[in-house]
Amino acid sequence: MSDGVYKYNEPELVQELMDYIDATYDQHYSQNKFQATEFIIDGGHGMGFALGNVLKYAQRYGKKGTAEDARKDLLKVLHYAIISLYV
């Protein structure tokens, strides 16, 4: 919006997503500064992998664990959507 007013708390939610993404670079699936996703993309399978994960986490939403776990599933959907845009 031109006046900088957001109706849906977008700036804070985008920051939450960035914080989540930043944390993924320190987690168990990041080895030696590389993530398996990089190798999958380099192998030519990035789009299928990323979109498959979007579907996986969207379908899992609310069916596993706590409300916090469900929120993390939505963050994963968004992260894999961004990876799809990158690919």
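Trainee: Why does Glu 68 count as exposed?

Mentor: Exposed means over 50% relative accessible area, buried under 20%, and partly exposed in between (1.4 Å probe, protein chains only). Glu 68 has 53% relative accessibility, so Glu 68 counts as exposed. This is a predicted model, in which local features need pLDDT of at least 70 and side-chain atom pairs count only at pLDDT 80 or more, while totals for chains, interfaces and linings use all residues. Residues are numbered from 1 along each chain as its sequence is written, and side-chain values use heavy atoms, with hydrogens and water left out.

Trainee: What makes Glu 68 and Lys 72 a salt bridge?

Mentor: A salt bridge requires a side-chain nitrogen of Lys or Arg within 4 Å of a carboxyl oxygen of Asp or Glu. The closest N and O atoms of Glu 68 and Lys 72 are 3.9 Å apart, so the pair qualifies. Both residues lie in helix 4, and because they are four residues apart, about one helical turn separates them. Helices are DSSP runs (H or I, at least four residues), numbered from the N terminus.

Trainee: Why is the pair Arg 60 and Asp 73 called a salt bridge?

Mentor: Their N to O distance is 2.6 Å, which is within 4 Å, so the name applies. This pair links distant parts of the chain: Arg 60 is in helix 3 (residues 46-60) and Asp 73 in helix 4, 13 residues apart.

Trainee: Why is Asp 73 called buried, and why is Arg 60 called partly exposed?

Mentor: Asp 73 has a relative accessible area of 2%, under 20%, and is therefore buried. Arg 60, at 23%, falls between 20% and 50%, so Arg 60 is partly exposed.

Notes: Helix = DSSP H or I, 4+ residues; strand = E, 2+ residues; numbered from the N terminus.
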